[in-house]
Amino acid sequence: MSTLSTLSFELIGLVAQYLNFKDLICLSQCNKTLYGVQRIDQLWKGLCRMEFGIQYHDPNQSYKQLFYSCCMTVKGKGEYKRLPCNHVRDAAQERTITKLNQCQRCGVQGDENLFLCISDNCHQIMCDRHTRQHARLAHPYLHSVFYKMNTSELFCQVCVDWIGGLDSHPAEQYVASQITLQWVYHFKQDTSVLKTRKYRQIERQLRWKDTPQHIMKGDFCFISSDWMVEWEMFVEGWKTTRPSVLIDQTQLLSLVVGLNQEGTNPFYLHSNGSVMIISSQTWDYLSRHYNVKGKKITEDHLCPVENYSSIIQRISYWKKRALNYTR
Ligand SMILES: [Zn+2]
Ligand SMILES: [Zn+2]
Ligand SMILES: [Zn+2]
């Protein structure tokens with residue numbers, strides 16, 4: 001160690017590039033000079049790439065923070081549900097492609113159905129089905145990130161998730177916003193797509209949070225399934241604009257009775273002309289941002305109880321099942 005200490009700090013830094021995480025920590029424990037080595041963020045940049053395959057970060061955070069945050073995610077103790085996508089590459093190169101309005105494989109048309117492979121020198125435009133085939137069968141791991149035209153978002157077919165969503169790591173959010181912005185400018189898209197994207201990301205987070213367990217643990221209410229179909233189409237990007245139809249609650253109580261059939265799952269889209277159950281938190285957001293006809297309908301409105309006895313029974317069964325699941 002005394003030999004190592006005679007080297008200049010720069011040289012020690014160069015040597016340390018070859019260390020893995022454990023060895024870097026051991027080295028930095030040796031003395032005061034060597035402790036300074038673990039402050040070199042370039043070393044953490046290398047570790048992020050080596051251990052997690054991540055080649056970007058949020059400029060407001062260090063690579064060291066990113067590395068530790070990833071370690072916590074791997075242990076299942078982090079605040080993010082998955083590691084930042086390591087399939088996305090920031091390719092700031094000249095692009096000469098022109099926007100096509102149909103899948104190059106099957107001819108499906110419409111911006112809401114199309115994705116662009118952002119891998120260098122590929123840039124093929126495909127429908128959902130063909131992106132999956134392209135990413136998983138034809139070029140595993142190499143062509144997995146796609147730009148969705150109408151929503152200005154990235155989808156990774158390996159992570160099977162939208163990239164840069166509100167619940168993803170800030171580094172991923174940063175890189176996704178950089179890349180999507182480049183494409184918005186490249187295609188000369190109207191920048192209002194970015195404002196709509198903000199709404200979509202907030203609403204997608206709400207929609208995905210509403211698992212049966214989450215809904216049944218707190219207060220919940222009923223909502224028209226017809227409206228939820230419209231909303232889901234927007235949230236998942238199959239429609240470009242936000243739903244403009246009213247959330248019509250006026251006939252809802254008569255439809256609630258129909259929920260008592262075996263096999264009906266009111267937490268997920270099941271059929272038109274029916275009812276779904278959402279958390280009060282989601283309702284509060286929706287009623288603030290969309291037009292509602294009628295009022296919020298909760299369990300308390302199921303009266304007289306004899307008229308609703310079987311649906312009340314069913315709700316207590318769902319509650320029990322959801323609470324058992326989380327225990
Ligand atoms: Zn990915
Ligand atoms: Zn296709
Ligand atoms: Zn490709």
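Student: How much of the protein is buried?
Tutor: Buried residues make up 27% of the 327 residues. Buried here means 20 or more other C-beta atoms within 10 Å of the residue's own, exposed means 12 or fewer, and partly exposed is in between, with C-beta atoms placed from the backbone. Bear in mind that this is a predicted model: local features need pLDDT of at least 70 and side-chain atom pairs count only at pLDDT 80 or more, while totals for chains, interfaces and linings use all residues. Residues are numbered from 1 along each chain as its sequence is written, and chains are lettered from A and ligands numbered from 1 in the order in which they are written.

Student: What secondary structure does the protein have?
Tutor: There are 14 helices and 9 strands. Those are DSSP runs numbered from the N terminus: helices are H or I with at least four residues, strands E with at least two. The protein is more spread out than a compact globule, because its radius of gyration is 25 Å, well over the 20 Å the globule rule gives for 327 residues. That radius is taken over C-alpha atoms, and the rule is 2.2 Å times the number of residues to the power 0.38.

Student: And which domains is the protein divided into?
Tutor: Domain 1 (2-75), domain 2 (111-205) and domain 3 (206-326), with bounds from an automatic or database domain assignment. The C-alpha centres of domain 1 and domain 3 lie 50 Å apart.

Student: Switching topic: what's the strand order in the open sheet?
Tutor: The order is β2-β1-β3-β4-β5, with antiparallel pairing. Strands pair if DSSP finds at least two bridges between them. The edges are β2 (125-126) and β5 (161-163), each pairing on one side only.

Student: Which helix packs on the sheet?
Tutor: Helix α8 (residues 170-186), which touches β3, β4 and β5. A contact is two C-beta atoms, placed from the backbone, within 7 Å.

Student: Now α11. Which of its residues are buried?
Tutor: In α11 (residues 225-235), the buried ones are S225, M228, W231, F234 and V235.

Student: Where do they sit around the axis?
Tutor: On the same side of α11, because they cover an arc of only 165° around the axis. The arc is that of the directions from the helix axis to the C-beta atoms.

Student: What covers them?
Tutor: The cover includes α9 (192-209), β6 (220-224) and β8 (275-279).

Note on methods:
Axes are lines fitted to C-alpha atoms, for helices over the stretch in contact, and angles run from 0 to 180 degrees between N-to-C directions.
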